[in-house]
Amino acid sequence: MLKGSKLYSIFTGTCPVCQSESMYVSSNPYNLSKATAMNERCSHCNTKYKIEPSFFYGAMYVSYGLGVAIAVAAFIITYSFLSLDKLTAFFVILGSLVVLMPINLRLSRNIWINMFMSYDKEKAKDA
Ligand SMILES: [Zn+2]
């Protein structure tokens with residue numbers, strides 16, 4: 001449906017170029033031992049994911065931004081909507097950050113790689 005847009009690759013973790021297959025070895029981010037395990041290349045379009053050594057260190061900046069967004073969202077929900085006190089809100093924020101960590105980790109990698117690569121219709125076609 002959203003195929004061809006960067007959002008599709010970001011939310012599904014598929015190859016940023018052809019969006020035909022997952023970049024990750026395990027599709028489940030909560031499979032913690034494999035959370036960051038990625039295939040080296042896309043078997044469909046042969047895109048190398050790790051453009052350069054330690055390419056994904058840059059994803060930490062994205063991860064930081066996502067973390068702040070999660071914290072703000074958790075705070076608004078607990079403090080404003082549920083009217084809980086600040087201490088409870090604090091623990092809910094910590095909890096959300098920990099629980100959502102694997103998702104944050106992958107989303108930030110997906111966003112990061114999509115900042116450098118774009119969908120290519122031609123490469124997506126030839127199977
Ligand atoms: Zn590909």
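Starting at the N terminus, the elements of this protein run α-α-α-α-α. In total there are 5 helices and 0 strands, where helices (H or I, at least four residues) and strands (E, at least two) are DSSP runs numbered from the N terminus. The model is predicted, so to speak of local features a pLDDT of at least 70 is needed, side-chain atom pairs count only at pLDDT 80 or more, and totals for chains, interfaces and linings use all residues. Residues are numbered from 1 along each chain as its sequence is written, and side-chain values use heavy atoms, with hydrogens and water left out.

Let's turn to the metal. Cys15 (SG), Cys18 (SG), Cys42 (SG) and Cys45 (SG) coordinate the zinc ion at 2.2 to 2.3 Å; donors are N, O and S atoms within 2.8 Å of the metal (3.2 Å for Na, K and Ca), and water is not among the atoms, so sites may look incomplete. Along the chain, the donors are spaced as C-x2-C-x23-C-x2-C. The 4 donor atoms subtend angles of 106 to 113 degrees, which makes the arrangement tetrahedral (four donors with all angles between 85 and 135 degrees). For four tetrahedral donors, the ideal angle is 109.5 degrees.

Now for a helix pair. The axes of H2 (residues 59–81) and H4 (residues 101–114) come within 8 Å and cross at roughly 125 degrees; axes are lines fitted to C-alpha atoms, for helices over the stretch in contact, and angles run from 0 to 180 degrees between N-to-C directions. Contact (heavy atoms within 4.5 Å) involves residues including Leu66 and Ile70 of H2 and Leu107 and Trp112 of H4.

Key: Tetrahedral: all angles 85-135°; square planar, octahedral: opposite > 155°, others 65-115°.
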